[in-house]
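Please keep the sequence and the structure in view while reading.

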Amino acid sequence: MSDLGAKDASPDVRDEPDGILRVEIHGEVTEDRVRAVLTAVRRVAESGRDVLVLADARHMGPIPPSARKAVTQEVRSTHIDAVAMIGASFSLRVIVALLAKGVQLLTGQPYPQQFFDTEGEARAWLLARRDALRAGRRPGT
């Protein structure tokens, strides 16, 4: 587990002992929050670690257009190995799926993301992806 660093830390991101980054936003997803979260994620990626994100959307509010635009801008320069999302509403699932497709088109890189009903399922998927990455296999094969 690495230190996210005080200047880049986001109150919405927690680096957990198993190496998973837990992102939990309560309320509206603002442009500033998006940038802070992705700065913390980028710092982990720059350390050489696998970037496995568990996004808890159970208390997430609306994502205005400015925040969606910030996601597409910031994710282009942020390496993420996998994102598992729990508690996402149908509308949030649609937005995230569209953003993921947009990122794939813009970067040419896969953006593996999956939705889950439980945190246990999400963690199991992330840890399996980590094991596959470390074994040099493409996850899912």
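## Terms and basis

Helices (H or I, at least four residues) and strands (E, at least two) are DSSP runs, numbered from the N terminus. Contact means heavy atoms within 4.5 Å. Axes are lines fitted to C-alpha atoms, for helices over the stretch in contact, and angles run from 0 to 180 degrees between N-to-C directions.

The model is predicted: local features need pLDDT of at least 70, side-chain atom pairs count only at pLDDT 80 or more, and totals for chains, interfaces and linings use all residues. Residues are numbered from 1 along each chain as its sequence is written, and side-chain values use heavy atoms, with hydrogens and water left out.

## Overall composition

The protein chain contains four helices and five strands. Starting at the N terminus, its elements follow the order β-β-α-β-α-β-α-β-α.

Of its 141 residues, 47% count as buried, where buried means under 20% relative accessible area, exposed over 50% and partly exposed in between (1.4 Å probe, protein chains only). Among contacts between residues at least 6 apart in sequence, 75% join residues at least 24 apart.

## The sheet

Strands of a sheet pair through backbone hydrogen bonds, either parallel or antiparallel. Here two strands are said to pair if DSSP finds at least two bridges between them. The five strands form an open sheet in the order S1-S2-S3-S4-S5, with mixed pairing. Strand S1 (13–15) and strand S5 (113–116) are at the edges with a single partner strand each, so one side of each has no neighbour in the sheet. From one strand to the next, the twist averages 20°.

Strand S3 (residues 52–56) and strand S4 (residues 82–86) run parallel and are joined by five bridges. Ala-55 has Met-85 as its bridge partner in S4.

## Helices across the sheet

Helix H4 (residues 119–134) lies across strand S2 (20–24), S3, S4 and S5, and runs at about 175° to S4. Helix H3 lies across S4 and S5, at about 170° to S5.

Which residues of helix H2 (residues 65–75) are buried? They are Ala-67, Ala-70, Val-71, Thr-72, Glu-74 and Val-75. Their cover includes helix H1 (31–46) and helix H3 (90–107).

The axes of H1 and H2 come within 8 Å and cross at roughly 20°. That makes H1 roughly parallel to H2, since angles under 35 degrees count as roughly parallel, over 145 as roughly antiparallel, 65 to 115 as roughly perpendicular and the rest as oblique. On the H1 side, the contact involves Glu-31, Val-34, Arg-35, Leu-38 and Arg-42, and on the H2 side Ser-66, Ala-67, Ala-70, Val-71, Gln-73, Glu-74 and Val-75.

H2 and H3 pack at an angle of about 35°, and their axes are 10 Å apart. Arg-68, Val-71, Thr-72 and Val-75 of H2 meet Ile-95, Leu-99 and Val-103 of H3. These residues comprise five nonpolar, one polar and one charged; Ala, Val, Leu, Ile, Met, Phe, Trp, Tyr, Cys and Pro count as nonpolar, Asp, Glu, Lys and Arg as charged, and the others, Gly among them, as polar.

## Glu-74

Glu-74 belongs to helix H2. Is Glu-74 buried or exposed? Glu-74 is buried, because its relative accessible area is 15%. Leaving aside residues up to four places away in sequence, Glu-74 touches Arg-35, Leu-38 and Arg-42.
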